[in-house]
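Please take a look at the chain below. A short tour of its parts follows.

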Amino acid sequence: MKEFDYVIIGGGCAGLSLAYELEIHEKLKDKTLAIIEPRDKYKRDKTWSFWRVTPHNFDDCVKKNWENFSINIPDKTNYLNCKSYPYQSVDSGLFYEKIINKLNENENISFFKDINEINLKNSFIFNSVPSIKKNYQNLWQHFCGVEIEAKNNFFDDEIFNLMDFDCDQRESVHFFYTLPYSKNTALVETTWLSKINDNSQKDYDEQIKNYIKNHLNLKDYKIIYKEEGAIPLFYPTNKSEKNKINIGTAGGMTRLSTGYTFLNIQEHSKYIRENIENISNVKKYKISTKYQFLDEIFLRVLEKHPEKMSDIFFKMFKASPKTVIKFLSNKSNFLEDLSIILRMPKFTFIKALFY
Ligand SMILES: Cc1cc2nc3c(=O)[nH]c(=O)nc-3n(C[C@H](O)[C@H](O)[C@H](O)COP(=O)(O)OP(=O)(O)OC[C@H]3O[C@@H](n4cnc5c(N)ncnc54)[C@H](O)[C@@H]3O)c2cc1C
């Protein structure tokens, strides 16, 4: 069986981002790489959105940039500007196509469907398959989104809606998210932050249909694309080893309070590429412990007081948008952290320290 210098397990967002980063920086000229990916065909299956707080390799896969957004709770809307850090949506279909085309140019890179097809003995492994134990106490961000096409121009595509809490909460945390790609197309997503221990919140199609009809007041449209997913708001149990680094969701690249992962994956790929020559000895890359600690408290409050969360998110965005965006994207300094923390209900958060 063939041996490779590097093996990437899982050719999804993290696996392909890393392979691309290594390839474009010529780290695979004299090294071999195997990518293990069971899927038969790559097609658009996700839309990765984030504030562009740092450069990345995929500007040409961006479907749309926005410099304005809103957040609302019943009877109140806050309009915000994000010109310094535009919000971007990457189309996974374009992302996969760009990367696969590039990787196919290098004979040192091979794809396999099953790990048993190769010999791993002398390889350095980057694993992106998360180990998730069944635990009904875990919180997830679970969601379903549809891209719709309206018959006539309907949307203001200069502004997106990050969170609309003016919807049925079912004793949980629920909001809609609308990304208008053009005047007549938009992604409309229903999102829940909760334990997935039953199917009672999974009538997604009905939720979306009602929202489009009764909140957006749009009647004449068709669905042109659909995506569904669940992001763990806890760390998978994958362990690093001497010859193995976990990447992507498996590598703890998700910001637990928000589910944002894409840009962290890009930064992790860059870190690995910069240290590839000494990869067995390099310090583990992680989201800083400051955010891990703050997110843990935040999620404890969310679990105990779901009814307070819409107000908490709304208040958070009363700080300067630049500060909130930096905070949510792991780029804030101490004073910026403080300006967010001071907007939180102090008693509730202090109590959460001792749950
Ligand atoms: C629908 C959806 C939308 C999301 N939207 C956003 C967003 O807007 N912004 C954001 O920041 N984050 C978002 N996320 C979170 C995160 O960015 C994505 O989940 C991202 O795809 C994580 O990358 P990954 O490589 O860890 O996992 P994946 O992209 O899921 O890649 C894992 C790969 O491993 C393969 N695989 C599975 N089992 C095996 C096996 N046994 N052996 C080998 N390979 C295997 C899979 O086929 C897959 O290709 C979203 C997640 C989902 C599910």
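**Ground rules**

Residues are numbered from 1 along each chain as its sequence is written. The model is predicted: local features need pLDDT of at least 70, side-chain atom pairs count only at pLDDT 80 or more, and totals for chains, interfaces and linings use all residues.

**Domains**

Let us start with the overall division. The chain falls into domain 1 (6-54 + 92-131 + 236-281), domain 2 (139-232) and domain 3 (289-352), with bounds that come from an automatic or database domain assignment. Between the C-alpha centres of domain 2 and domain 3 there are 24 Å. Seven residues from domain 2 and seven residues from domain 3 make up their contact, where two residues are in contact if their C-beta atoms, placed from the backbone, lie within 7 Å. On the domain 2 side that touches domain 3, five residues are nonpolar, one is polar and one is charged. Here Ala, Val, Leu, Ile, Met, Phe, Trp, Tyr, Cys and Pro count as nonpolar, Asp, Glu, Lys and Arg as charged, and the others, Gly among them, as polar.

**The ligand shell**

Where does the ligand lie? Domain 1 and domain 2 both give residues to the shell around the ligand, so it lies between them. The shell holds 29 residues, and the closest are Gly10, Gly12, Ala14, Gly229 and Gly248; a residue is near a molecule or strand if its C-beta atom, placed from the backbone, lies within 6 Å of it. Two or more residues each come from helix 1, strand 3, strand 14 (221-232) and helix 4 (262-274). Helices (H or I, at least four residues) and strands (E, at least two) are DSSP runs, numbered from the N terminus. Strand 3 gives the largest share, four residues. By type, the shell has 13 nonpolar, 12 polar and four charged residues.

**The core**

The largest nonpolar core has 76 residues, and Ile8, Leu18, Ala19, Leu33, Val188 and Phe262 have the most contacts inside it. Such a core is a set of buried Ala, Val, Leu, Ile, Met, Phe, Trp, Tyr and Cys residues joined through C-beta atoms within 7 Å. A residue is buried if 20 or more other C-beta atoms lie within 10 Å of its own, exposed if 12 or fewer, and partly exposed in between, with C-beta atoms placed from the backbone. Helix 1 (residues 13-24) gives the most to this core, with seven residues. Apart from neighbours within four places in sequence, Leu18 is in contact with Ile8, Phe126, Ile247, Ser269 and Ile272.

**Paired strands**

Strands pair if DSSP finds at least two bridges between them. Strand 1 (residues 6-9) runs parallel to strand 2 over four bridges, and Tyr6 has Leu33 of strand 2 as its bridge partner. Strand 2 (residues 33-36) is covered on both faces: Leu33 and Ile35 are buried on one side, Ala34 and Ile36 on the other. Strand 1 is also joined to strand 9 (residues 124-127) by four bridges, again in parallel, and Ile9 stands opposite Asn127 there. Strand 9 in turn pairs in the parallel sense with strand 15 (residues 244-246) over three bridges, where Asn127 stands opposite Asn246.

**Helix 7**

Why is helix 7 (residues 321-328) largely enclosed by the rest of the structure? Six of its eight residues are buried, so the surroundings largely close over it. The buried ones are Pro321, Val324, Ile325, Lys326, Phe327 and Leu328. They pack against strand 3 (47-51), strand 6 (76-81), helix 6 (309-316) and helix 8 (334-341). After helix 7 comes Asn330, with a positive phi near 60°.

Glu171 is not a glycine, yet its phi is positive, about 55°. Asn217, also a residue other than glycine, has a positive phi near 60°.
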